[in-house]
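Subject: Handing over the structure

Hello,

Here is the structure I promised to pass on to you. Please open it alongside this email, and I will walk you through what turned up.

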2 protein chains.
Amino acid sequence: MTQTRLDVLAIGDAIVDVFATADDAFLDAQKLPKGSMRLIDSAEATRLYGLMGQARETSGGSAANTMAGVSALGGRAAFVGQVADDQLGEIFAHDIRALGVEFQTPAWRGDEPTGRCLILVTPDGQRTMNTCPGASHHLHVSALDEEQIRSAAILYLEAYLWVPDTPRAAMERAIEVAHEAGRKVALTLSDIACIARRRDSFLAVIGAGAIDMLFANENEILALAGTTDFDAAVEALQDKVPLLIVTCSERGALAVEHGRRIHVPAAWVEKVVDTTGAGDLFAAGFLAGQAQGRSVEHSLRMGSAAAGEIISHFGARPLSDLKALMP
Amino acid sequence: MTQTRLDVLAIGDAIVDVFATADDAFLDAQKLPKGSMRLIDSAEATRLYGLMGQARETSGGSAANTMAGVSALGGRAAFVGQVADDQLGEIFAHDIRALGVEFQTPAWRGDEPTGRCLILVTPDGQRTMNTCPGASHHLHVSALDEEQIRSAAILYLEAYLWVPDTPRAAMERAIEVAHEAGRKVALTLSDIACIARRRDSFLAVIGAGAIDMLFANENEILALAGTTDFDAAVEALQDKVPLLIVTCSERGALAVEHGRRIHVPAAWVEKVVDTTGAGDLFAAGFLAGQAQGRSVEHSLRMGSAAAGEIISHFGARPLSDLKALMP
């Protein structure tokens, strides 16, 4: 096994977030369950955007946010994701590079624009996401740089991209390349809707031993295990992955490493402003801890601290000096 | 004189702001005087953007920000400005309409993109602006809707657009249309660089009695009057316009109406986060007060309150309920 040039290389959606505040009545009128994520097409994106208030745009994407956090914590991070050859694509590429994340996926010259996520933030800080994936679902296996994948200690995959066929095929190839080079593969389950659509496929790839590190929240692990009993869900999965990490919102986070359970509480947050990116930054803190050779427990605490920073302001990329917040 | 359908119609730059934090060393290295505004071309915009950190995008433009504020205060506002047929143009149009401002200028299909302003915010809250005007300087007289201009009680003009020939010609025609309909014309001096380049032209239009309401800050009125003595500058201009309004940052604001001076203090602000838009929102509060038939003193207080809101957060469009902050 050769030396690593990168700590983590992520493959995920390349998305620009469009944030606007909204009240509960707006969510009700649009029949949007608070806290949910749904995929929408261009026509629905245009319709909903027309009803939204003045917005603010920032680069997003779940795994991209995680790489932003890893880099902010001093980790060597790279991101692979598909933007289009347009202004939002330029913004995405600028922002992730400005954060020190290696990003070299060529812009796609197809007939869809760079993906957008219309995020409605209610006064309680919850976010309701409407994702128009655009170019990001056209990530083709030919866009991968296999040498880059081999150079990273951990390959981190986002389940959102496991649903459509083209990027899933790219991820499947990336897993092969990483494992052939002796690298570890991490997967985040992203969202219960992804699990509902690809449960057999997730269970197959996990069952085949291809996932070394699995990130999930409570709802996601229940959906994957096909149960409503949290302990049963953890037990069903803990033997299938060497390292299982489950976030439980304000109740902290849990890791199970080779059968041993480790729990840490959530970081204290004065006011929850916007929960967008909490899971993404938790993963960032954890991965940065692993890259630094920290214990699983210390890595969990780093994840909690990073998640605490992100929910105390608007947007899913860190604004404060994350390093200063670490345990 | 027929009834008005609008309180204020503004003509100005249609710009998307790109905010990033920067430290003093970055400004020094780039030889950018703190607090300044400069015009840059596409090549310089690309170079500087590449050096900037992760950014956030929000719609901006000085007079457009002012109309956002007038609308937030319950005024009937319209905006005329030139965007290109691109994603940033869509964002600009969406945002200003979402705030209730009438915006119907057709997108320009030329060879320049929608204008951007790269704004570097230092830890002391000061902003240093680098404007790449793009399509906004291509506002042609043919883009005006003369019936719309006639329907507004006040025509509000931004000096930034008085410098390039094409939009200045459009503004000159708009002044004729407004005056023929018995409407008032307001001008904001925008920036000392504009005055330096078009001082004779500003003095000519003011001297001809075409400006009923002149907005300036201290530096701008000194530059226009060609003196370093503030009282002398006010005296030189107060007889040339029925209503002169001068903002003096933390020392409040001054109006001179037919020779009578009225001063109000600045609103109290807990922490100045970002001064971008302070002058724009001051004008919004003042214009909204005038539209409500308030006294000049009360209108000045409304301007101060609106400016106080905008400098207490990032961005140049209001985030709080401005109406609730009014005196």
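Let's start with the sheet of chain A, where 9 strands are arranged in the order 6-5-1-9-10-11-12-13-14. The sheet is open, and its pairing is mixed. At its edges are strand 6 (102-103) and strand 14 (260-264) of chain A, each of which pairs on one side only. Please keep in mind as you read that this is a predicted model.

Why is strand 11 of chain A largely enclosed by the rest of the structure? The reason is that 5 of its 5 residues are buried. Both of its faces are covered, with A:M213, A:F215 and A:N217 buried on one side and A:L214 and A:A216 buried on the other.

Still in chain A, have a look at helix 7 (residues 192-207) and helix 8 (residues 218-225), whose axes come within 9 Å and cross at roughly 35°. The crossing of helix 7 of chain A past helix 8 of chain A is right-handed. From helix 7 of chain A, the contact uses A:I192, A:I195, A:A196, A:R199 and A:F202; from helix 8 of chain A come A:N219, A:E220, A:A223 and A:L224. By class, the residues of this contact are 6 nonpolar, 1 polar and 2 charged.

Now to the cores. The largest nonpolar core has 111 residues, and B:V8, B:F79 and B:L155 have the most contacts inside it. Helix 10 (residues 278-291) of chain B provides the largest share of this core, 9 residues. Leaving aside residues up to four places away in sequence, B:F79 touches B:A10, B:A63, B:A64, B:M67, B:I96, B:V101 and B:F103. Another core, of 110 residues, lies apart from that one and includes A:A93, A:A159, A:A283 and A:L322.

Where the chains meet, 18 residues of chain A and 19 residues of chain B take part in the contact. On the chain A side, strand 4 (56-59) and helix 4 (87-98) each supply at least two residues, and helix 4 of chain A gives the most, with 6 residues. That side has 7 nonpolar, 6 polar and 5 charged residues.

Finally, two serines of chain B deserve a look. B:S190, in the loop between strand 10 (184-188) and helix 7 (192-207) of chain B, has a positive phi of about 70° although it is not a glycine. B:S190 counts as buried because it has 26 C-beta neighbours inside 10 Å. B:S249 also has a positive phi, near 50°, and sits in the loop between strand 12 (243-247) and strand 13 (253-257) of chain B. With 15 other C-beta atoms within 10 Å, B:S249 is partly exposed.

Enjoy exploring!

Best wishes

Technical notes
Residues numbered from 1 in each chain as written. Chains lettered and ligands numbered in written order. Predicted model: local features only at pLDDT ≥ 70, side-chain atom pairs only at ≥ 80, totals over all residues. Pairing = 2+ DSSP bridges. Helix = DSSP H or I, 4+ residues; strand = E, 2+ residues; numbered from the N terminus. Core = buried A, V, L, I, M, F, W, Y, C linked by C-beta atoms within 7 Å. Buried ≥ 20, exposed ≤ 12 C-beta atoms within 10 Å, placed from the backbone. Contact = placed C-beta atoms within 7 Å. Nonpolar A, V, L, I, M, F, W, Y, C, P; charged D, E, K, R; others polar. Axes fitted to C-alpha atoms, helices over the stretch in contact; angles between N-to-C directions. Left-handed = near helix turned anticlockwise from the far one by under 90°.
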